[in-house]
Amino acid sequence: MKVSKPARAGQYLALLAYLVFLVFPFLWLISTAFKPPRELASLHPTWLPKNPTLDNFRQAFDEQPLLRAAANSLLVAVCAAVVAIVIATPMAYVMARHRSLLSRAATGWVVVSQAFPFVLVIIPLFLILKNLHLINSLPGLTMVYVVWALPFALWMLVGYVRAVPKELEEAAAVDGAGRLRVLVSVTAPLLAPGIVATGLFAFITAWNEFFFALVLMKTPERQTLPVVLTHFLGAEGVADLGPLAAGAFLATLPSLLIFALIQRRITGGMLAGAVK
Amino acid sequence: MTTAITTRRTRGPAKDPTAERAGRERGAWFLVLPALIPILVLSVGPLLYGVGLAFTDSQSGRTAATQWVGTLNFQDLLHDTLFWESFRIGLLWAVGVTVPQFLLALGLALLLNQDLRLRWLARALAIVPWAMPEVVVGIMWRLVYHPDAGILNETIRDLGLGDGRDWLTGLATALPAVIVVGVWAGMPQTTVALLAGLQHTPRELHEAAAMDGAGAWRRFRTVTWPAIRPVALAITALNFIWNFNSFALVYVLTNGGPGGRTRLPMLFAYEEAFRYGQFGYAAAMGCVMVAVISVLLALYLVGRLKGGDEQ
């Protein structure tokens, strides 16, 4: 379709405005992370640090147990993602292939679980985990994250399973392959890219999560990165802005890198689930 | 739906169908169980337990046994003006975020659906807020809003529009300021969903409408909008729920201040439960939130769906 030249220019301008709005806070975060204290205290902050420094990063690691928090986050997020994928894939397969009552109930849960405020879940969870002595424990938090990542994982995986032609499985079955064999050697390889993308997304979900970690993790040496970052906010003078920005910037990097990798598949996954 | 299932089943292989179906059902259970157990124990169970708690006097760290108190918590809640003030702020916030989020995301999705140069870059950058942890989003915007070291006030000073202000602690500016952050944080998901809907709009229809001399607005109303309407409805409803239940952003930005001006119901309930230990009362708040939101959503969806029939 033809678009007139002034209209085209207007479109570029609008797109530019959007991008500025969406990206400038992040640029400001990076800029702040590399500024020495004197520039942070200046009444006329600049976009580019005049004397860029890495001191903020050093200080961030000194002041708060960032490394340990990052290790906790990594451990919890990796375990949660792996477990979520291992248990969600078979379930998604059933949901996509069988139209039973169970599949419909599961779909219903995926939708309803989005609508409930976490308060209503967190208090009972807190009491249940306390009885199991899983408060302030990384395995306990991992379990919560597995269930927390499941709805979106199921949603995406169901879409990917539907995209695998049923005829392929049936052909393999005609050739004499058993049910499990069909799943392992026909369906799984075709699903692999989708499974990887879903797993990475589950990782980001757990890595970024804050509320459950805030309530469930009590001692600093077991807290995850987002919770430890909020400790920087405690006594916030201008001097602490640098380390705060440095820590926040580092905490974002893994999510951003992974997101760049799987961006296309995530958008495709939402599409697959939405179209049906 | 039932007939579709039966016809499909009868078309299957003929050897002893009942036994095979039973075997398949068993197989399905075996595949579902590993996910089903955690879902029941850590999601469905707690949900029901939480609703039950709302009718008890459960408190944190109490030695005496928890007792049923009937609807006492709800009666107290009815007269709790602080809670209803928080609820009002929650609704303001949810609507204030969801509506601009939708309009801005729609604009962006329409742009990204055009054959513009560098579209791939724009798509990648537009998704950045989605990848960031909410805590980092909050910290980042605090740096933007910072009265002295923030870029916002510096820009205002540069433009000669005055000295700027302390956005997040001003009584009048705090809520609008956090709403802007909420809009920013939720735009990518909405844009992606709408873009997915747009890519399913039949191109030929667009071209035919253009040939007939329909202007851009008319083409949007008669071709594009009907095609993306279901997606738009679903994503707005979801956004509304997500926004109403949001916690981390405002916790980091203002922690409910100044003077409760940004105290969303989630923050209120969190404090009630984990600062004051009133589990039963906080659970009752959760129930009220679910109930009101469900009613609002039902009204919205019914209204919208009806609107669709009339067109």
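Helix axes are lines fitted to C-alpha atoms over the stretch in contact, and angles run from 0 to 180 degrees between N-to-C directions. The structure is a predicted model, in which local features need pLDDT of at least 70, side-chain atom pairs count only at pLDDT 80 or more, and totals for chains, interfaces and linings use all residues. Residues are numbered from 1 along each chain as its sequence is written, and chains are lettered from A and ligands numbered from 1 in the order in which they are written.

In chain B, helices α7 (residues 134–145) and α9 (residues 174–198) pack with their axes 11 Å apart, at an angle of about 130°; helices are DSSP runs of H or I of at least four residues, numbered from the N terminus. α7(B) is therefore oblique to α9(B) (angles under 35 degrees count as roughly parallel, over 145 as roughly antiparallel, 65 to 115 as roughly perpendicular and the rest as oblique). From α7(B), Glu134(B), Val137(B), Trp141(B) and Tyr145(B) meet Ala177(B), Val181(B) and Ala185(B) of α9(B), contact requiring C-beta atoms, placed from the backbone, to lie within 7 Å. This contact of α7(B) with α9(B) has 6 nonpolar, no polar and 1 charged residues (Ala, Val, Leu, Ile, Met, Phe, Trp, Tyr, Cys and Pro count as nonpolar, Asp, Glu, Lys and Arg as charged, and the others, Gly among them, as polar).

Between the chains, 73 residues of chain A are in contact with 70 residues of chain B. The side of chain A that touches chain B receives the most from helix α12 (residues 241–275) of chain A, which gives 15 residues. By class, that side of chain A comprises 58 nonpolar, 13 polar and 2 charged residues.

Definitions and conventions. Contact = placed C-beta atoms within 7 Å. Helix = DSSP H or I, 4+ residues; strand = E, 2+ residues; numbered from the N terminus.
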